[in-house]
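I opened this notebook to record how two chains meet, taking one look-up at a time. What holds them together at their contact is the topic of these entries.

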Amino acid sequence: MNAEQFTQALGQIGEGYVEEAMVAPKGRPLGLKRLELAACACLVLLLGALIGYGLLPMGEAPELPTVVVMPSTEESEEPNSSTTETEPITTEPITTEPITTEPITTEPITTESSQATEPSSHTEPIPSTQPPTTTQSPTEPSVTESIEIPPALPSYPPMLFVNGMLYELLPGEAENLDAVEELPFIGTVGSCCSEEELPDAHLEANEPIVGAEVYIQGERLLVLVSGYLRIYVRSTVQ
Amino acid sequence: MQDERIIDLFFERSEEAILALEQKYGKLCRQISANILGDSGAVEECLNDSWLGVWNVIPPQKPRHLGSFVCRIVRNLSLKRYRRDSAQKRNSQFDTALEELQDCLQGGFSAERQLEQKELVKSIEGFLDSLSKENRVIFLRRYWFSDSYEAIAKRTGRSEKAISVRLVRLREKLRTYLIERGMLE
């Protein structure tokens, strides 16, 4: 009877409550919600895969196999390919170049943009990673053939010379842009050398990031490159 | 047809008013009555009684919300019929909802307080005001309209399980609310 008494009293509540329950908009069908969730999950996975494989710029490239252009005698797309077996040429920033789906170790990676002016070649992973350099011009040669590089160290990782000290890019690390607001500003990168060289002038980098803003944060540097904040730490390379 | 126009027809004592009322609110009222009585024959009788009831009270009354006004009449008449047919086997949505409330209101109303209906209504309105709009709608769809979980789930775009869990919490909240106000022991 208690429940009935309650039900009877419930029947006498204000008309506004009943009206609200009558006209409350119907929710979307559950199936549609699930479909939307599934679509979102697919999108996230797709974006994750694209970022993971370096096809989208996302701060520093994670520890992925860095593409090293190796000499190739087959499937050269460019007739003026001049690489040889003894010339490990350069590293290519993965994030800036579309890559074909051929296996990296056996097939050459073909590109549409930057390799338009570069010889095609075989690739092979090396321990170091290469950050995205979206400011690099496709026509700007990143190869300095005149410099002999030891085979064990084909090129240096991205480095920056500031106040007499050499800093090295911390791979896979990125900071929030807000982090620089309170940090001392050192200056902008004024010059660059090739990646086979070590920068040795103040605010010089071994990659084309001229104009990038450099901030100091304790023992490390934060460098704003193309909207992303890179972290550089003291390098052990001398 | 707009509610105002239907009310005008009642005031004009036009039989078209009943037709318009049935056309606009017949389906909803039939659903409310069926949720309580579960028997189509009784539902139709109840609806006819309801239309007659509306005809008798408008005029002089002029409801602000014709829909809820009519639904209330249908609900009250259905409940009346439900009690009259109490000997019959029950398996309607209303029975299930009533059992849920019975569990929630276990302990009965405080013996020290002879609750007046008005006071209880006020408390229920206070409880409803403390809920979010969605919870309020879910609660009323279940215990005022006696909708099934499936119907509420469809209406709110949630799963039946989610509605079930939500209602359990709402009943717990109701119980706490009534205990705090000394209405339940």
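This is a predicted model: local features need pLDDT of at least 70, side-chain atom pairs count only at pLDDT 80 or more; totals for chains, interfaces and linings use all residues.

I then looked up its partners, and they are the side chains of Arg136(B) and Glu20(A), which meet at 2.7 Å, N to O.

I turned next to polar contacts, where the count between chain A and chain B is 10 residue pairs, both residues being at pLDDT 80 or more.

Which helices of chain A supply at least two residues each to the side that touches chain B? I noted helix H1 (2-10), helix H2 (15-23) and helix H3 (30-52), and I saw that H1(A) gives the largest share, nine residues. Sorting the residues on this side of chain A by kind, I got 13 nonpolar, eight polar and eight charged.

I stayed with H1(A) and listed its buried residues, which are Ala3(A), Glu4(A), Phe6(A), Thr7(A), Ala9(A) and Leu10(A).

Last, I looked up the extent of the contact, which takes 29 residues from chain A and 44 residues from chain B. The area buried between the two chains is about 3,500 Å², and carbon and sulfur atoms give 60% of it. Of the area that chain A buries against chain B, Phe6(A), Glu15(A) and Tyr17(A) supply 20%, more than any other three residues.

Definitions and conventions:
Residues are numbered from 1 along each chain as its sequence is written. Chains are lettered from A and ligands numbered from 1 in the order in which they are written. Side-chain values use heavy atoms; hydrogens and water are left out. Contact means heavy atoms within 4.5 Å. Buried area is the accessible area (1.4 Å probe) that two parts lose on being put together, summed over both. A salt bridge is a side-chain nitrogen of Lys or Arg within 4 Å of a carboxyl oxygen of Asp or Glu. A polar contact is a pair of N or O atoms within 3.5 Å; within protein, one must be able to donate a hydrogen and the other to accept it, and residues adjacent in sequence count only if both atoms are side-chain atoms. Helices (H or I, at least four residues) and strands (E, at least two) are DSSP runs, numbered from the N terminus. Ala, Val, Leu, Ile, Met, Phe, Trp, Tyr, Cys and Pro count as nonpolar, Asp, Glu, Lys and Arg as charged, and the others, Gly among them, as polar. Buried means under 20% relative accessible area, exposed over 50%, partly exposed in between (1.4 Å probe, protein chains only).
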